[in-house]
Amino acid sequence: MALALGRTVRRYGGMASMAPKFFLAYSIWVWMEWAVQTIALIITSFFWRAVYTDQTVIAGLAQSQTLTYVLLALIFAPFVHSTGMIYNFGYLLKEGQIAVELLRPLDFQAGQYVWRTAELWVGLILQVPLFIVALFLGMQPPLDPRLWAVFLVTAFLGHAVLFCFDWMLGCLAFYVTEIWGLSVARYGFTLFASGLLVPLALMPDWLAGILNVLPFAQALYVPLSFLTGIAPLSDAPRVWLAQLAALAVLLPLSRWVFRVAVRKVTVQGG
Amino acid sequence: MPRYVSLYSLFLRQRLKILMEYRVNFFIGAVSTLIEQTAGLLTVWVVMQRIPLLNGWTYEELLLVYGLLALSKSLTYLFADNLWTVGREYIRTGGFDRFLVRPVDPLFHLLADRFDHQGLGHLIIGGILVSTASARLGITWDLPHLLYLVVAVLSGGLIFIGLNLITCVSAFWIMDSVPVTRVVFDMNEFAKYPLSMYNRGVQFVLTWLVPYGFASFYPANYLLGRDVGVLVWLGPAVAVTLLLIGYRLWLFGLRHYASTGS
């Protein structure tokens, strides 16, 4: 039992350890991301300052609270961007690489989850310079470690929920070839639905109600609402239970959807 | 010139045949950018539900700025998308050699090689935004205004193409120019909103260094009858200047092109 567990940990650990190398192989991409993200932080900061020019509080949110929220949302965006599977599945199918992946002595979904989570950690570490930039732009992150702990637990649970949802969405790549277009559509929808561009608390109630039950908000808005004081800490256990329940439904469902979709694959070769 | 026009239509027909082979995929590709654009628009909509003015601009005026930028951007996606992938798809693979042994200008060949249907999403949303916003704002589309709009959108599109051309030249040395192009291209996000919202430094950059302001803010000011001086007329000159610089750099890069070899 212990041996088998050790073997599993070594296998998936090996995969996870490759993620930083993969990410940092071409340093120019890291510099590009920093530059692009800095541009986004600056625009966001100007935009929200302009929004609050004539008011101090909007929908119960003060300027500093909203500014901190939107800047933190940009910094923690890897929580929602690291789970997209459409392009990944499409690429594996196009190259025929899916056959190799399915033949490996690993659970494909678990392997992808480990890879994505490792990517997420690398992504978060690379966001540290942006955190400093955001401080100069007026972000006031909380100092209470309890808030950060609740944020991290909620964010990783939300990330797992979104991963399962994206896993099903990614299965569309087995049926259509326009994976770039689908990825762009998913990206665009995620920007709004996750609360990355605007906190759900500012939206009309009916819209916030719909987006709150979608998995996108679980990985960003919900955790950030604890961190920025939009939601009280006492809500955390209820939120975690809801996230675990969503995971209990989505995990088996995503595996079933993949089993059905993968039957479409015909890999050429010889 | 007529030869290039007829050649372009030939390339375009072939490209459309490829795209229409899978019609559902064509449709998905065309509307995908529409969804992406909608995210930004919804943000503006949500905010403007809460406040009457953003930096002195109404919701409809903001839509006009946004729409003008989307229209300009659609031109670069539709007709010059290969500037993004010249390094990755052509130079790194050696496919660029193909352009050098054919009796047409390599830059023309590169651009004509790909018509990107995803630009249709930008074109549609830009068209809808400009027409709805102008109707609500009471902008009269008489001949001068209509001509101004066409010239402004063309200039805006050429500014996008010029900047992408300048940055894509780096592919001749670093193989993949996407990181360089993206950093400059992403600055167009500033121009989604009125430049008056930013400080003077940002305004200067968006007007003189990376002049996306001429694709949205300045034309919008003219159409709305706001006075920002001579800048509302400078778009075409800025576009031509950027294209000339881009083309000179392209020729310079071409002289330094070393194929991948065998």
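Buried residues make up 51% of the 270 residues in chain A; buried means under 20% relative accessible area, exposed over 50%, and partly exposed in between, with a 1.4 Å probe and protein chains only. The model is predicted, so local features need pLDDT of at least 70 and side-chain atom pairs count only at pLDDT 80 or more, while totals for chains, interfaces and linings use all residues. Residues are numbered from 1 along each chain as its sequence is written, chains are lettered from A and ligands numbered from 1 in the order in which they are written, and side-chain values use heavy atoms, without hydrogens and water.

The secondary structure of chain A comprises 14 helices and two strands. Helices (H or I, at least four residues) and strands (E, at least two) are DSSP runs, numbered from the N terminus. Chain A has a radius of gyration of 20 Å, close to the 18 Å that the globule rule gives for 270 residues, so it is as compact as a globular protein of that length. The radius is taken over C-alpha atoms, and the rule is 2.2 Å times the number of residues to the power 0.38. The C-alpha trace of chain A spans about 70 × 40 × 40 Å along its principal axes. Of the contacts in chain A with a separation of 6 or more, 80% come from residues 24 or more positions apart. Contact means heavy atoms within 4.5 Å. The accessible surface of chain A is about 12800 Å², and 69% of this belongs to carbon and sulfur atoms. Areas come from the Shrake-Rupley method with a 1.4 Å probe; for residues, only the protein chains shown count as cover.

Helix H11 of chain A covers residues 205-213, and its buried residues are Leu207(A), Ala208(A) and Leu211(A). They cover an arc of only 95 degrees around the axis, which puts them on the same side of H11(A). The arc is that of the directions from the helix axis to the C-beta atoms. Asp205(A), Trp206(A) and Val213(A) are exposed on the face turned away from the buried side. The buried residues of H11(A) pack against helices H10 (179-193) and H12 (215-218) of chain A, together with helix H2 (23-50) of chain B.

Over all chains, the structure holds 50 aromatic pairs. Rings of Phe, Tyr and Trp (its six-membered ring) pair if their centres lie within 6.5 Å; planes under 30 degrees apart count as stacked, over 60 as edge-to-face and the rest as tilted. Phe165(A) and Phe216(A) have ring centres 5.5 Å apart and planes at 80 degrees, so the pair is edge-to-face. This pair links distant parts of the chain, with Phe165(A) in helix H9 (residues 145-170) and Phe216(A) in helix H12, 51 residues apart. Phe165(A) is partly exposed at 22% relative accessibility. Phe216(A) is buried at 3%. In chain B, Phe11(B) and Phe108(B) form an edge-to-face pair, 6.3 Å centre to centre with 75 degrees between the planes. Phe11(B) belongs to helix H1 (residues 2-21) and Phe108(B) to helix H6 (residues 106-112), 97 residues apart.

Arg226(B) lies over the face of Trp57(B), at 4.1 Å from the ring centre. A charge sits over a ring if NZ of Lys or CZ of Arg is within 6 Å of the ring centre and within 35 degrees of the ring normal.

Ala59(A) has a positive phi, near 50 degrees. Ala59(A) lies in the loop between strands S1 (57-58) and S2 (61-62) of chain A.
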